[in-house]
Amino acid sequence: MGLPLRLDGSRGPEAASAQRLAAELRQASGLPVETVDERLTTAAAERSLIAGGVKRAKRRAAVDRVAAVILLQGHLDRARRSRHAG
């Protein structure tokens, strides 16, 4: 789950809300729920869509989905690296 930290890494009310939601999901589902720093994922998604030649109107509709993919892929890559490092 995305954790909306501020650019300086501090936690504001949005991050606190995300952490409460993650805790509620853990409790309700009994499944692990991890939070992942989502800083700059929207900007990375926008750059990726521009590089792919996606027009402005379609970028607006796709940027959140692409940011979610970037967030998830980064999390999976870090988890894979930590498994192989240990």
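**Exercise 1.** Determine which residues T41 touches, not counting residues up to four places away in sequence.

*Solution.* The model is predicted: local features need pLDDT of at least 70, side-chain atom pairs count only at pLDDT 80 or more, and totals for chains, interfaces and linings use all residues. Residues are numbered from 1 along each chain as its sequence is written, and side-chain values use heavy atoms, with hydrogens and water left out.

Step 1. Apply the contact criterion (heavy atoms within 4.5 Å). With residues up to four places away in sequence left aside, T41 touches A67, I70 and L71.

Step 2. Classify T41. Its relative accessible area is 11%, so T41 is buried (buried is under 20%, exposed over 50%, partly exposed in between; 1.4 Å probe, protein chains only).

**Exercise 2.** Describe the surroundings of E38.

*Solution.* Step 1. E38 belongs to the loop between β2 (36-37) and α2.

Step 1. E38 is partly exposed because its relative accessibility is 29%.

Step 2. Beyond residues up to four places away in sequence, E38 touches G2, L3, P4 and L71. The C-alpha atoms of E38 and L3 are 5.6 Å apart, although 35 residues separate the two in sequence.

**Exercise 3.** Identify the residues of the largest nonpolar core.

*Solution.* Step 1. Such a core is a set of buried Ala, Val, Leu, Ile, Met, Phe, Trp, Tyr and Cys residues joined through side-chain atoms within 4.5 Å.

Step 1. The largest one has five residues, A45, L49, A62, V63 and A67.

Key
Helices (H or I, at least four residues) and strands (E, at least two) are DSSP runs, numbered from the N terminus.
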